[in-house]
Amino acid sequence: MRQHQQQEFLLDLWTHFPDVLENFQEQVKDQLLATIPREALPAVAKHAVKQLGARFVISVATDMREKDGDYAVSYIFAFDEEKKFLVLQSRVPADDLKISSITPEVPAADWTERESRDLLGVVPVGHPDDRRLILPDDFPKDIHPLRREYAYNEIFPSEPGNAPPPKPAPEGTTVVPLGPFYPILEEPACFRLFMDGERVVGSDYRGFYNHRAIEKLGDSELNYNQIPFVAQQICGICGQVHSCAYCQAVEDACGIETPMRAKYIRSLLLELERIHSHILWIGLAGHIIGFDTVLMQAWRIREPVMWLMERVTGNRKHYSSNLIGGVRFDIDEAAADDIRRVLAKVEVEAKALTDAAVIDTTLMARLKNVGVLTEENARALAVVGPVARGSNVSIDARVDHPYAAYKELGVQIQVQDGCDSWARTIVRVLELFESIRLVRKALDDIPGGPVMAKIDHDLPYGKTGLCSVEAARGEAFHYVLSGDENRPYRWRLRAPTFQNLQAVACMIEGEQLADVPISIGSYDPCFSCTERVETLDVNTNQVRIYTSEELQELSRRKNAANPHYSCHSERPTARRRSHFVKKLPPYGGEFLRSETKNLPPM
Amino acid sequence: MFKAKLKEAVLCLSAGRVTLKYPFAPSDVPPKFRGRIMFDAHKCIGCGGCANVCPPRCIVMEDMGEVTRITFYLERCIQCARCHEVCPEDAVWPTEQFETATPDKSDLTSDMTVWMSSCQRCGRCFESDNAIDKFRSKRWRGRGPGEANKHGIFPTKPPIYFEPPKQLVREEEDL
């Protein structure tokens, strides 16, 4: 156990690096901001992770040329036991975009540094992998689309031949491709497995086929209160998580006090979301190993929860409940009764299902000692959520960085030390019942009062807000640097799968080929949440009906045909109306608004 | 092993029928359900608050001088009902309609044209309580009329200053 108390780790950093840490400040409670020269980054990062036990979260590169004439790169670390975030920020001049990579010291930073290189051109010197990660195979070489000179809807010319070279297979192995359309979860991801007989000896991942320019939209087109609705579409399961994390990050940054009742409602919806997500996963796990009874029964049990969400929020999945400063609707007594009634039924049925499943030797045989991720590796790769907790790493954002009403609710962390797919299953089963308990407690304890804070001033520029929210898959992290055009200057987000996916290579090494799908499935991957950054798509050479150029041409023509999706085309001259579109009354008389109706009061 | 299978069998058998009769029987929606957006041109004052807050830009507003035209591209709608929330006149609201599938996207496009008198509008303009929802750029969502962003690109499409409204509505009627 680490012995550092709240301030001790700060003191330790001070004594080790007295010259480099400048401008230490705590803008927002529990979020420490320090500026350091870029050369000192690896040393400080190594010390924080290896000596002080920090967990690497994410790095954020920001194009600050409009404001300060340079770029900013922030590395964010979480001190989970001390309940603090540490942001190490370096300034990088625009004409020398290089930083020293921390990946050799902190392997968890692998993808995020490659992402910064792709999207902003910040080169991590000394990074072991210089291949492209995010951008499509035919994207022009010297264009970094997250820089502020490019618009969100700019179309770049195709430049074939920029595809990242595949990792060479070791001598004597066979390459088995799994993807590019990942067959188990019907999502785009491509694993190339290097097989020695039936055993996996290595792997290579190429994903990010499904990019959406969400971060770009957030800092160039949408405004503060529109982003929660786009954020909730990042994921088809954990939408509430992302919109909640974004709103809380902005509230933190700008010092907006959310009413307590709104916090409780957020927690309530988050827990209900976790309940249906975990039941979904239990079903999916059964499906992956061919045990479809579990799939059918789990999803049958899940469906009343989805109906409940529709009843409570007005939509089955996209609740649209969060705004900056609170939530949009209250939960009345009738809705609370519905929640209690449905949960009572779900609890009984889920208990019956999991009771049967946990003693089922078929399941056990397929899950035990499969997809092993040791505690040491889990810490080194900074995995999050049930994957970490299944590997005996006791982290949970609800406890470590309490948000919404979790401080009041008191969450019990569920940890298992099996380090395999079975342990992850048990963690999720236990969390499911913990969530049911939390929902009941929230309903009982919820205080009265308003659900929306009063915001009567413009939000200030240049404030940083961080928020991590425990999704069903792990910690979703949002970073907001507030801007001055009624929108964030930079919005960075990390879905939990972004971090967990990096651990797959380590998890499937030495596995049988047949166990690979459930190993990957056991961390509940959500490929499409991970992919949120840029537009364009590439053809994957599977069925040669179109070449990638033809496909691209097709999609452009399609965009041009619909003027609303494209900024370059003309408005259509005729528009068809169908029977259910409200017919406008004919022009004249009635249709014109009366001139006197809306006179201002004298 | 046997016990687990027995439990699973009981679970499966006790479930009974769980599917719904829909589409052969109507499917009710819960009271708060947010379905397809409907609007009333008689109530609209043309303030553009709905266009300003709409996250997916399915509501587009065009300033044509004497008249304001508000177009709803409902194929983009995410059913958040923010437009209903900010509308000062209740001129736009979510209905219970959810069966909006169509082979032609343009079926989901509809618009209204509101005549704006030049000064009577003052004082009736949309003003939100919330500072970050304020309609700070009038008459064209996000920016002034016909103003490109800093990249020289229009938010959705270049604004067109229209022919007189009379002709415009006739064109709709022909179809």
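Is Gln79(B) buried or exposed, and how many other C-beta atoms lie within 10 Å?

Modeller: This is a predicted model, in which local features need pLDDT of at least 70, side-chain atom pairs count only at pLDDT 80 or more, and totals for chains, interfaces and linings use all residues. Residues are numbered from 1 along each chain as its sequence is written, while chains are lettered from A and ligands numbered from 1 in the order in which they are written.

Gln79(B) is buried, with 20 other C-beta atoms within 10 Å. A residue counts as buried if 20 or more other C-beta atoms lie within 10 Å of its own, as exposed if 12 or fewer do, and as partly exposed in between, with C-beta atoms placed from the backbone. Gln79(B) sits in the loop between β3 (67-73) and α3 (82-86) of chain B. Helices here are DSSP runs of H or I with at least four residues, strands are runs of E with at least two, and both are numbered from the N terminus.

The phi of Gln79(B) is positive, near 55°, and the residue is not a glycine. Most residues other than glycine have a negative phi, and most peptide bonds are trans.

Asp90(B) also has a positive phi, near 55°. Asp90(B) belongs to the loop between α3 and β4 (92-94) of chain B. Asp90(B) is exposed, with 10 other C-beta atoms within 10 Å.

The peptide bond from Tyr22(B) to Pro23(B) is cis, its omega being near 10°. Pro23(B) is part of the loop between α1 (2-15) and β1 (37-39) of chain B.
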